[in-house]
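Reader: Hi! Could you walk me through this one?

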Amino acid sequence: MDKALKIKRRRHASLDKRRARAGYFFVAPFVLGIILIYLPILIDSIWLSFYEELPIIVDGLPTTKLEFRGLQYYKFAFTESPDFVTKLLAGLQQLVFEVPAVIIFSLFIAVVLNQKMLGRAAFRAIFFVPVIISTGLMESINGADIMSGSMGEGIQDGTNGEASGGIVDVLMIENLFKSMAIGGEMVTYVVSLVNDIYNIINYSGVQMLIFLAGLQSISDSIYEACRIDGATGWETFWKVTFPMISPMILVNAVYTVIDSFTRSSNVTMSYISGSANGDSHKAAMYWIYFGVVMLIIAVVAGIASTFVFYQRKD
Amino acid sequence: MEMNNNSTPLIKKDSKRKIRVDYEGKMSLVERLKEKFKASNTWIKFVVVLFRFILMLGVSFVIVYPFIARIAGSFMTREDVIDATISLIPKHPTLEIYKAIIVENHYFEAVFNTLILSLGCAVIQMLIACLVGYGLAKFKFKGNKLVMLLVIATMIIPHGALQLSLLRHFTNFDLATVQAWGYPGIIQLLRGGVKLNLSNTFAPLFILSLFGLAFKNGLYIYLLRQFFKGVPDELEESAYVDGSGTLRTFFQIILPLSIPMLITVFLFAFSWQWTDEFYTGLFFTSTINKVYLMPDVFQVPASLNVTYAGEVLYKNVVQNTGGLLIIAPLIILYLFGQKYLVQGIERSGLVG
């Protein structure tokens, strides 16, 4: 009797514990993977950046031996490596250029795709094609592609005079803006954006999806209230839509930074993977790069989270 | 469409009936329509709708045009490629590029292999991401946040950084062993010191998928976690009250309702694995008993690799045709799955 009571009480008390155990069960595959596979690989990679792998012969068989080199490779990357620092800065520049463009573009398209319009289903289907096919192999095809890689070139660049000349004639636009006396940097930025539209569309697929999801989750009654109060579409966007999806902007900003940095066509990534120095050099450069990425993500998340508006949930 | 909607509410005076009678008596239909246009903002709306439509059409064009150009190019002969008078429609349409790629690059073999690989990876990744996402979303336990941080960390660490170590790990596969430290792991000891080389098999990718560590799995886990957070707790609570266990609740109640989201994740996982060149290029290096995969389709076949004036351009056309052949199965899949793509994300409750 006494025993039975005890068991019962213990069971009752451990409901939370049982829930926690169930939680551990569900995340177990990932945690095990981290411990058994990911961490060893990670440590190995970090280790390699401090050591040099020297070929030796043990019992007549060629193997390798590691010799400690300390921070030598890290120093090398900064001081002696021909243009690691330049490429790193170029990567950052690319990022500064790309992140706002991708965010603004995907937000704009998501807002438009969220409206009722003729052929919306067809447009949606077309706009999400890049999500599916613009990674990996197709990305390298796009990158290496003269024919259609940059839409600016038009089909059969160079050999076919009549068809070349991009969407926008850079010089023409620049002249137009200069005569309007708008700052030079702004002009080059906008023009390069327009000519880079193909890449920007390709990079903003997932972001578009996330924004669209955010827009769909804003309840209609808020918009109805706005209409009744006589707000214009412009006001509604800035006073309602924008704050409501600002958490999505944070998510997308971080995602875009990650995506842009880890993409293999990224200036810095392709420089490192193509560098002729040894593997230890590469590893060291990658870890420096990773440090910079982390820093940028912290900064971006910090900036974005200052203007994020969280709807209070009851 | 918009015009019809807006042509109704013009006459809104106090005594409706009286005005309407006057109105119809005085003006002809054309004049009445004119009045309506003047009074309402129909014109502005019409211009906005038109502008929006043209803009969408333009962006769609930017997306679709490369495919049109590639399809056009894929039917061209060598002469057509450098012919200045041809922009899209070839003068001598031919299937030689397709034939060469399909035969010399072992296209169907590559499709078959990649299909097994991608299907296996996508199914495993979907299920694992679902489990982990559910665990992170619905259970309070010590280290929940740490696990979430680790998920994000696997997303942020560039896989290029791990490239060499990944290869080292899977050519001498073992559990919880750091290759650089040099001591043999459990598997090596069990096999009597013989290293277990998993390269040139599907095993490395399946193993990575099984532990939720493969390409972009962090994103899938994150998406599913956000989705499950949006599922009301009451649903599970009522199941628990009815005597259903955690696992049964998960499989019978939660899984069926998350099917659109799962399809979204499956689509991502499948197509990103399909076009992957990082892992396939890393693990499949052997030329003997070669496993043909999608990156091989992308090569220029030997019979088309001829020196002539438009060589660079022609190789480009050939590679683009390879690209078309690579994505053709994906496009078919996308046509079936695209409505779930938006639906799944829409219901994900990503806000907050």
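This is a predicted model: local features need pLDDT of at least 70, side-chain atom pairs count only at pLDDT 80 or more; totals for chains, interfaces and linings use all residues.

Reader: Great. How many helices and strands does chain B have?
Author: Chain B has 18 helices and 0 strands. Helices (H or I, at least four residues) and strands (E, at least two) are DSSP runs, numbered from the N terminus.

Reader: And what share of chain B is buried?
Author: Of its 352 residues, 38% count as buried. Buried here is 20 or more other C-beta atoms within 10 Å of the residue's own, with C-beta atoms placed from the backbone.

Reader: Which residues have the most contacts inside the largest nonpolar core?
Author: They are A:F211, B:A129, B:V132, B:Y220, B:L224, B:V265 and B:A269, in a core of 139 residues. Helix α7 (residues 107-138) of chain B gives the largest share, 16 residues. A nonpolar core is a set of buried Ala, Val, Leu, Ile, Met, Phe, Trp, Tyr and Cys residues joined through C-beta atoms within 7 Å.

Reader: What is B:V132 in contact with?
Author: Leaving aside neighbours within four places in sequence, B:V132 is in contact with A:F26, A:V27, A:P29, A:F30, B:G212 and B:I221. Contact is C-beta atoms, placed from the backbone, within 7 Å.

Reader: Switching to the two chains: how many residues does the contact take from each?
Author: It takes 88 residues from chain A and 86 residues from chain B. On the chain A side, helix α2 (residues 15-48) gives the most, with 25 residues. That side divides into 64 nonpolar, 18 polar and 6 charged residues. Ala, Val, Leu, Ile, Met, Phe, Trp, Tyr, Cys and Pro count as nonpolar, Asp, Glu, Lys and Arg as charged, and the others, Gly among them, as polar.

Reader: Nice. Which residues of helix α11 of chain B are buried?
Author: In α11 (residues 203-210), they are B:P204, B:L205, B:L208 and B:S209. They lie on the same side of α11(B) because they cover an arc of only 130 degrees around the axis, taken from the directions from the helix axis to the C-beta atoms.

Reader: What do they pack against?
Author: The buried residues of α11(B) pack against α7, α9 (159-171) and α16 (278-283) of chain B. Just after α11(B), B:G212 takes a positive phi of about 65 degrees; B:G212 is also one of the contacts of B:V132.

Note on methods. Residues are numbered from 1 along each chain as its sequence is written. Chains are lettered from A and ligands numbered from 1 in the order in which they are written. A residue is buried if 20 or more other C-beta atoms lie within 10 Å of its own, exposed if 12 or fewer, and partly exposed in between; C-beta atoms are placed from the backbone.
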